[in-house]
Amino acid sequence: MERHFDQELKDLNQEILKMGAFAEEAIYKSVEALKNQDTKLAHAVIDHDNDVDNLELAIDEKCIDLIARYQPMAKDLRFIATGMKINAELERIADIAVDIAQRTLELVDKPLLKPLIDIPKLTSVAQNMVKMSIDAFIKRDIELAKKVLLSDPEANALRDLVQKELTEDYMAKDSSSAPRAVQLLLIARFLERICDHTTNIAEDVIYMVQAEVVKHHPEKLKE
Amino acid sequence: MEKIITKNLNLWYGDFQALKNVNSGFKANKITAIIGPSGCGKSTLLRVFNRMNDLIEGVKMNGEILVEGENILNPDIDLVNLRKKVGMVFQRPNPFPLSIYENIVFGEKIHGDNIKKDKLYDIVEESLKSVLLWDELKDRLNKSAMKLSLEQKQRLCIARLIAVKSDILLMDEPCSALDPQSTARIEELMRELKNNYTIIIVTHNMQQAARVSDNTGFMLFGELVEFRDTHEIFTAPSDKRTEDYITGRYG
């Protein structure tokens, strides 16, 4: 028998998917704005953040309501508890997209410090991790969630490369490059933070599906 | 729209005051739950809505109870009509020792005038469909209602009210005799019924009130302490006594 509660859970799932779509779209637009120096698109990302915040609050309230009214157990409880956490992660991802859009606005009209090579690579890793983590949630796919976790070292390495190049090859040699270099450093850092949030989502998905805590236990991934 | 309103309602059983200055409004097409510890007055409040307490000796009331705008404490009120409009389902299902068919048409035969047989059959079909019993029982309408399961009996009692076109359903612990699966099915039925009926349920089972109702009233010592949206009562009650009760700290 389908319970009334099942419909409530489906509604919650839909809302979280919508939040995922918001986050994915914000990241896509912010990096497109960066690549194309598109101020209109950067402003669109910043303006849309209000909708993201409102959806975050609505999902939180829904989760609290379901816990209070239905006293969920087992997989229902894990879904709602992780739904709240994933909601917060997605909202943070969308916030970081706003940060990237703001840095982009700072960089517009200034000559590019250097051709962007590793930042676009980091961007595509980050976008891919966002997509995979949301897909893992949608499909309750443990293997895909693990793939997200295994992608994180690549993101860290790219961030380190960007950092090393900007500090050693530009800032150390020519202090006038610092204002632009700092913006790029921040963007690399933001992109890497996005990847960290996706790994949190992936860990939450694993807990939701099989009740196993892999957070802070990387050895469990190899089993 | 409010279907039932109480204004400064007081009720005494002899010297004992069971309801103290109760002000409330029960919305149409909503499920309202009344919760509270034993003896708090919740069943008493439910029973005043169709004047069932009149049957108890020494009952005294003052204040107002408006059912669809009409004060039912008015001495001229037609009690038969009131009880037709405001039906009650009890803790233990109480079908008559008659056939399923006769149980459903019983009220109609009392209230109605010479209704034709095929019309009665339509009423039976419609009422049993409303409580999702038709498919199970349509081939044994002449069998005794006493042979049904507890859940079926409770559904039948609800169907009996639907047959006489009650539009307010009072439910006094309607699931306390049922197992969890039957309880869940009755709750689903209540959600279906609220599209057409106003439902007031008294329950000991706080979880049930939280799951099924739109609004909740918390009673203590005859007083309606808090009466609000169910979500608010169970996530952020405004009165400390409500919070103590729903978090299990009371007493």
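A residue counts as buried if 20 or more other C-beta atoms lie within 10 Å of its own. With that in hand, let's look at this predicted model. In chain B, buried residues make up 43% of the 251 residues.

**Chain B as a whole**

Chain B is built from 10 helices and 10 strands. Its radius of gyration is 18 Å, close to the 18 Å that the globule rule gives for 251 residues, so chain B is as compact as a globular protein of that length. Here are some figures for this chain:

| Property of chain B | Value |
|---|---|
| Box filled by the C-alpha atoms, along the principal axes | roughly 55 × 45 × 30 Å |
| Share of contacts with a separation of 6 or more that join residues 24 or more positions apart | 68% |

In soluble globular proteins, nonpolar side chains tend to be buried together. Here, the largest nonpolar core has 64 residues, and B:Phe49, B:Ala159 and B:Leu170 have the most contacts inside it. Helix H6 of chain B (residues 150–163) gives the most to this core, contributing 7 residues. A second, separate core has 58 residues, including A:Leu12 and A:Val205.

Which residues does B:Phe49 touch, leaving aside those up to four places away in sequence? They are B:Ile4, B:Ile65, B:Val67, B:Val86, B:Leu170 and B:Ile200.

**Where the chains meet**

The contact between the chains takes 9 residues from chain A and 11 residues from chain B. On the chain A side, helix H2 (residues 39–70) supplies the largest share, 5 residues. Sorted by class, this side of chain A has 4 nonpolar, 2 polar and 3 charged residues.

Technical notes
Residues numbered from 1 in each chain as written. Chains lettered and ligands numbered in written order. Predicted model: local features only at pLDDT ≥ 70, side-chain atom pairs only at ≥ 80, totals over all residues. Core = buried A, V, L, I, M, F, W, Y, C linked by C-beta atoms within 7 Å. Buried ≥ 20, exposed ≤ 12 C-beta atoms within 10 Å, placed from the backbone. Helix = DSSP H or I, 4+ residues; strand = E, 2+ residues; numbered from the N terminus. Contact = placed C-beta atoms within 7 Å. Rg over C-alpha atoms; globule rule 2.2 N^0.38 Å. Nonpolar A, V, L, I, M, F, W, Y, C, P; charged D, E, K, R; others polar.
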